[in-house]
Amino acid sequence: MVDYRPIPDERDVFHEYRSYAFSPEEGLPAYDPDEHETPRATLGSRRGLYASEAADDADPRCVCRHYWLESHVRGDRHRTAGLASVSTPPEYRRRGHVRQLLARSLAEYRDRDIRFSVLWPFRYRFYRQYGWDTANRVRTHEFEPSLLSVATRETIDGGRFRRLEADEYDRLESVYATHANRYGLALERDADWWRYRIFGGSDRDPFVYAYERDGDVAGYLVYAMEGGQGDRRMDVSELVFADREALLSLLAFCYRHESQVQRVRFDLPADVPIRDLVRDPDEVETTVSDGPMVRIVDVAETLSALSYPDHDASLMIAVEDPLVDWNDGTFALEVTDETVTCERVGDGTGAVDIRLEIGALSQLVVGTRSVRDLERTGRLEVGDSAAPEAFETLAALFPETDVYLGEFF
């Protein structure tokens, strides 16, 4: 019987496994606590899957890290676990260890009353087979900074830019709250997350500049410079703004780097209208890529904890979960003005209104995909004996929303 437990002492082993999994081209650098146990690196909790419960079994079969977070889903904050650094050395691969590690991780999340799990996959199909699915997509726009010249003609004088240090992160909290309220799965950030994940980089710290207006921060951007003289690019990883004026001011700030960089690149949510604002949209290279993945931890608990539109409803939902049995079955969802309940009432057979697997349900719940979109792509089925209004009822309970989790962990 394998044992899933914290990794309190074998941090060198965790470092070795992670290095081999994600950067094998660098070899296996010697573990140096002063170098590798930085505040950024010590965020979260390490876990390992061991062959037995024996205390001297210090050689885990695979490892991972959990970040204990909160995210915004349908107007409320819900406890969310960030899963990262899932690593298995080659001598232990193809034995089902990762599957067991993921199942044990979900069990721990359930014990902690965590509603959602999010991760950045190395391969989407790998984690999709275990019930995670795409949370949102990322639009990447790359072009010459001269295309942003239009922003300088529409900005209002009176604002100013100031570079911030990590200890000044609280200056950004108010405008970030505006951003977080726009997007599902946007994370709540504590002081450590601000200092070591936003202001701090894994290899080098990014630049963080705030746009101040009337003494308050109305927007900010986080960026790094890539390349050298004559082939330099400004990579903007986070662009947050309170209103259109702030957005244009931030773009004008990027334009003023025209003499210093040859290209600018933005990673953004779909609704930020870069192509509509630049001078020559046909010269913008825009790519769409899948972002992080999301998964419901416990269907009954999560659906009972959500906020719903003002719509009384009663649905029988059959869910298929390939990894954990508590999500595999039929769930009775009852929504009224005063109460919400969701209970597992069967094994997934029999008369139901809706059938779908856990990944599709996760996308539906956070707002990534609509009921109609899931049905059109074969990810959701209406039961043979469902009431005629079951489809519309589900759509009313779970309208599509803007979802964007862009920060990597």
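Begin by selecting the lining of the second largest pocket, which comprises six nonpolar, four polar and seven charged residues (Ala, Val, Leu, Ile, Met, Phe, Trp, Tyr, Cys and Pro count as nonpolar, Asp, Glu, Lys and Arg as charged, and the others, Gly among them, as polar). This is a predicted model, in which local features need pLDDT of at least 70 and side-chain atom pairs count only at pLDDT 80 or more, while totals for chains, interfaces and linings use all residues. Residues are numbered from 1 along each chain as its sequence is written, and side-chain values use heavy atoms, without hydrogens or water.

Next, select strand 2 (residues 45-50) and strand 3 (residues 62-73), an antiparallel pair joined by five bridges. Strands are DSSP runs of E with at least two residues, helices are runs of H or I with at least four, and both are numbered from the N terminus; two strands pair if DSSP finds at least two bridges between them. Gly48 lies opposite Val63 of strand 3.

Finally, select strand 10 (residues 216-226) and strand 11 (residues 233-241), which run antiparallel and are joined by eight bridges. Here Tyr223 has Val236 in strand 11 as its bridge partner.
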